[in-house]
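Please look over the sequence and the model before reading on.

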Amino acid sequence: MFGLVNKGLEDMVCSQYGEETWEEIKSKADVEIEAFISMDAYPDDITYRLVEAASAVMEMPATDVLEAFGRYWILFTATEGYGSLMEMAGDNLPEFLQNLDNLHARVGLSFPNLQPPSFLCSELEEESLKLHYYSDRPGLTPMVVGMLKGLGEKFNTDVDIQLTNRKAQGNDHEEVSISHKPKCPFKQHLHRSNN
Ligand code: HEM
């Protein structure tokens with residue numbers, strides 16, 4: 001994957017656990033790269049090894065590392081100069097999710113040979129939808145769950161996420177049922193004025 005992804009992982013670990021922990025993770029993962037370059041492509045295996053090692057060093061399941069990373073990604077991409085791309089993709093969660101492929105297509109203009117995942121929305125209702133996640137890469141669904149939680153925070157929206165039809169059960173993609181409800185602005189206002 002592009003260095004941007006590995007850099008995001010590094011940024012998350014360093015901000016929460018410090019640089020020494022990141023060095024320990026890299027050494028455990030047998031990764032000798034001093035600094036990742038955002039626009040350079042690295043074998044996917046490096047990312048998977050880093051996640052495995054982070055899981056061992058930080059003593060948490062790899063799925064939790066991926067979920068935390070997915071959440072972090074939503075903030076990280078904005079700090080790396082992709083904030084306006086994120087803003088353009090939608091004003092609310094359902095609109096944004098329907099634009100994910102457009103967003104990655106735009107990312108692909110500056111990242112040659114990008115292999116992005118693909119997302120499709122179906123059963124669009126007022127407060128729910130089904131998200132279909134297609135990828136050739138295995139095991140990254142927890143990262144998608146984290147991203148959806150991060151997007152809920154970004155859009156000030158309560159989200160409930162259920163993995164309904166899994167690849168592990170023979171489906172050719174992951175299906176995620178999402179309920180979403182914007183948090184009441186009035187209540188937030190009350191909350192703020194109480195502090
Ligand atoms: C401006 C924001 C974003 C940028 C710059 C970005 C960029 C990227 C890049 C560079 C990759 C690696 C692909 C490769 O190296 O071939 C990637 C993968 C991925 N992106 Fe995004 N992305 C953004 C937002 C999102 C959002 C909001 C989601 C939410 C669901 C998302 C979901 C994913 C997933 C799940 C992968 C892992 C690869 C896979 O599943 O095959 N991305 N993205």
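## Salt bridges and the iron site

Glu23 is partly exposed, at 41% relative accessibility; buried means under 20% relative accessible area, exposed over 50%, and partly exposed in between, with a 1.4 Å probe and protein chains only. The model is predicted: local features need pLDDT of at least 70, side-chain atom pairs count only at pLDDT 80 or more, and totals for chains, interfaces and linings use all residues. Residues are numbered from 1 along each chain as its sequence is written, and side-chain values use heavy atoms, with hydrogens and water left out.

Glu23 has a salt-bridge partner, Lys26, with the closest N and O atoms 3.8 Å apart. A salt bridge here is a side-chain nitrogen of Lys or Arg within 4 Å of a carboxyl oxygen of Asp or Glu. Both residues sit in helix H2 (residues 19-28), three residues apart, so about one helical turn separates them. Helices (H or I, at least four residues) and strands (E, at least two) are DSSP runs, numbered from the N terminus. Lys26 is buried, at 4% relative accessibility.

The whole structure holds 12 salt bridges. One of them pairs Lys7 with Glu80, at 3.5 Å from N to O. Lys7 belongs to helix H1 (residues 3-17) and Glu80 to helix H4 (residues 62-88), so this contact ties together parts 73 residues apart in sequence. Lys7 is partly exposed at 26%. Glu80 is also partly exposed, with a relative accessible area of 29%.

Helix H3 (residues 44-57) carries another pair, Arg49 and Asp45, four residues apart, about one turn of the helix. Their side chains meet in a salt bridge of 2.7 Å, N to O. Arg49 is partly exposed, with a relative accessible area of 29%. Asp45 is partly exposed too, at 41%. Elsewhere, salt bridges with shared partners join Glu123, Lys130 and Glu175 into one network.

The three pairs are set out below.

| Pair | N to O distance |
|---|---|
| Lys7 and Glu80 | 3.5 Å |
| Lys26 and Glu23 | 3.8 Å |
| Arg49 and Asp45 | 2.7 Å |

Which residue is the only protein donor of the iron atom of the ligand? His104 is, through NE2 at 2.1 Å. Donors are N, O and S atoms within 2.8 Å of the metal (3.2 Å for Na, K and Ca); water is not among the atoms, so sites may look incomplete. His104 lies in helix H6 (residues 100-110).
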